[in-house]
Amino acid sequence: MSKISLKHSGGNVVSLNSPTSAPTSADVAFKLPNQDGSANEYLKTDGSGNLSFAAAGGGKLVKVVHASFSTETTIASTSHTDTGLTATISPASASNKILVIVSLNLQFSRSNTSAGGGMRVRRVTGGVDTNIYEASNSPATLGIQLNAFGQGLFSRMNACVNLEDSPNTTSSVVYRAQAASATTSDNGKVIAQEEDTPSQMTLIEF
């Protein structure tokens, strides 16, 4: 069994030893990368002997960001508008994914008929604003529909969505929740709290 030994000036030796058993079919050659990796990266192989450095973190949660919002906001428009619920994350690796969990407290009301609207989630990074989820606010195909009967009556609900997103960046990524009323008569609102629970957004990087 052969080995490569590196002797320190203090006298001790660090050795790189050959395998205990001989390679099964042929000689094994490893090609080292031509430069050092970054801090906390590990050395990986492509299965053909080529070694490279890669970011650690596969198979585990990398980061969790949580935001809550408890300010009442009027959503009178039939166009999706910002609710004020946002959260920001900077991924550790461009290949990582983000699980976006949104829980939005909504209220719609309209005299003597059902009322409703829709919810949308957008991603903003590098100046690019992208829609990643939308529940329609069309009166014919409401993403959120509530029954509100009688003058001055209203209904409340908690609208939830879980999204897997691939922002493909290590720059700052902002996720924001939007809402819209089906009609301008639906009197939509993001309410402060529903049973003492504020609207919330959680971002989980993995």
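A residue is called buried when its relative accessible area is under 20%, exposed when that area is over 50%, and partly exposed in between (1.4 Å probe, protein chains only). The structure is a predicted model, in which local features need pLDDT of at least 70 and side-chain atom pairs count only at pLDDT 80 or more, while totals for chains, interfaces and linings use all residues. Residues are numbered from 1 along each chain as its sequence is written, and side-chain values use heavy atoms, with hydrogens and water left out.

The chain contains 15 strands and zero helices; helices (H or I, at least four residues) and strands (E, at least two) are DSSP runs, numbered from the N terminus. Of its 206 residues, 33% count as buried. The accessible surface of the chain is about 12200 Å², and carbon and sulfur atoms account for 48% of this area. A contact is defined by heavy atoms within 4.5 Å. Among contacts between residues at least 6 apart in sequence, 73% join residues at least 24 apart.

Strand E15 (residues 199-205) is largely enclosed by the rest of the structure, because six of its seven residues are buried. Two strands are taken to pair if DSSP finds at least two bridges between them. E5 and E15 run antiparallel and are joined by seven bridges; in this pairing Ala-67 stands opposite Met-201 of E15. Strand E8 (residues 98-108) is also antiparallel to E15, with six bridges between the two. Here Ser-103 has Gln-200 in E15 as its bridge partner.

The largest nonpolar core comprises 26 residues. Such a core is a set of buried Ala, Val, Leu, Ile, Met, Phe, Trp, Tyr and Cys residues joined through side-chain atoms within 4.5 Å. The residues with the most contacts inside this core are Val-100, Val-102, Leu-104, Tyr-175, Met-201 and Leu-203. Two or more residues each are supplied by E5, strand E7 (81-89), E8, E9, E12, strand E13 (173-181) and E15. E8 gives the largest share, six residues. In soluble globular proteins, nonpolar side chains tend to be buried together. Leaving aside neighbours within four places in sequence, Leu-203 is in contact with Lys-63, Val-64, Val-65, Ala-87, Thr-88, Ile-89, Ile-98, Leu-99, Val-100 and Tyr-175.

Seven salt bridges were found in a search of the whole structure, a salt bridge being a side-chain nitrogen of Lys or Arg within 4 Å of a carboxyl oxygen of Asp or Glu. Side chains of opposite charge can pair when their charged atoms come close. Glu-72 forms a salt bridge with Lys-189, with 3.4 Å between the closest N and O atoms. This pair links distant parts of the chain, 117 residues apart: Glu-72 is in the loop between strand E5 (63-69) and strand E6 (73-75), and Lys-189 is in strand E14 (residues 188-190). Glu-72 is partly exposed, at 47% relative accessible area, and Lys-189 is also partly exposed, at 26%.

A second pair is formed by Glu-134 and Arg-120, whose closest N and O atoms are 3.7 Å apart. Glu-134 is partly exposed, with a relative accessible area of 42%, whereas Arg-120 is buried at 17%.

Between Arg-123 and Asp-165, the closest N and O atoms of the salt bridge are 2.7 Å apart. Arg-123 lies in strand E9 and Asp-165 in strand E12 (residues 155-165), so parts 42 residues apart in sequence are tied together. Both Arg-123 and Asp-165 are buried.

Thr-73 belongs to strand E6 and is buried, with a relative accessible area of 18%. A polar atom of the Thr-73 side chain lies 3.3 Å from the backbone oxygen of Thr-83. Not counting residues up to four places away in sequence, Thr-73 touches Asp-82, Thr-83, Gly-188, Lys-189 and Val-190. Val-13, in strand E2 (residues 13-17), is partly exposed at 45% relative accessible area. With residues up to four places away in sequence again not counted, Val-13 touches Ser-5, Leu-6 and Lys-7.

Terms used
Accessible areas come from the Shrake-Rupley method with a 1.4 Å probe; for residues, only the protein chains shown count as cover. A polar contact is a pair of N or O atoms within 3.5 Å; within protein, one must be able to donate a hydrogen and the other to accept it, and residues adjacent in sequence count only if both atoms are side-chain atoms.
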